[in-house]
Amino acid sequence: MDWKEQLAALNGLPEGEETSPQTPAAPQQQQGCGQKGVLHVVVEKKGRGGKTATIIEGFDCPDEAIDEIARELRRRLGTGGSARGGEILIQGDRRDDVLAFLRARGLKAK
């Protein structure tokens, strides 16, 4: 018996299994970050050996969500940085780029 005959011999799905239409999942708000407050983007130079850093503070999300935002931000900007202690540090003065990124994700920032 070739595959066409086997396919014709099938009478639908086995007993007990039903298919339900797949409903699209609701989009996650900022990938799991239910941020309600305003984020503050500041540029610091103090205590960093003369190097400039852009700091994003004011998150009230879980650390995993902050890590995900930081990872995507570093990749988009092509720069280094880290996320710890409820804030994200980006190397260099990237204030305008960071604000544009955060606003594109639907987060309030100033």
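User: In which segment is Lys110 found, and is Lys110 buried or exposed?

Analyst: In this predicted model, local features need pLDDT of at least 70, side-chain atom pairs count only at pLDDT 80 or more, and totals for chains, interfaces and linings use all residues. Residues are numbered from 1 along each chain as its sequence is written, and side-chain values use heavy atoms, with hydrogens and water left out. Lys110 is found in the segment after α3 (95-104), where helices (H or I, at least four residues) and strands (E, at least two) are DSSP runs numbered from the N terminus. Because exposed means over 50% relative accessible area, buried under 20% and partly exposed in between (1.4 Å probe, protein chains only), Lys110 at 58% is exposed.

User: What distance separates the C-alpha atoms of Lys110 and Leu39?

Analyst: Leu39 is among the residues that Lys110 touches, not counting residues up to four places away in sequence; contact means heavy atoms within 4.5 Å. Lys110 and Leu39 are 71 residues apart along the chain, and their C-alpha atoms are separated by 6.4 Å.

User: Which residue in β4 is the bridge partner of Ala83?

Analyst: Strands β3 (residues 81-84) and β4 (residues 87-91) run antiparallel and are joined by four bridges; two strands pair if DSSP finds at least two bridges between them. For Ala83, the bridge partner in β4 is Ile88.

User: Which residue in the turn of the β3 and β4 hairpin has a positive phi?

Analyst: The hairpin formed by β3 and β4 has two residues between the strands. The positive phi, about 65 degrees, belongs to Gly85.
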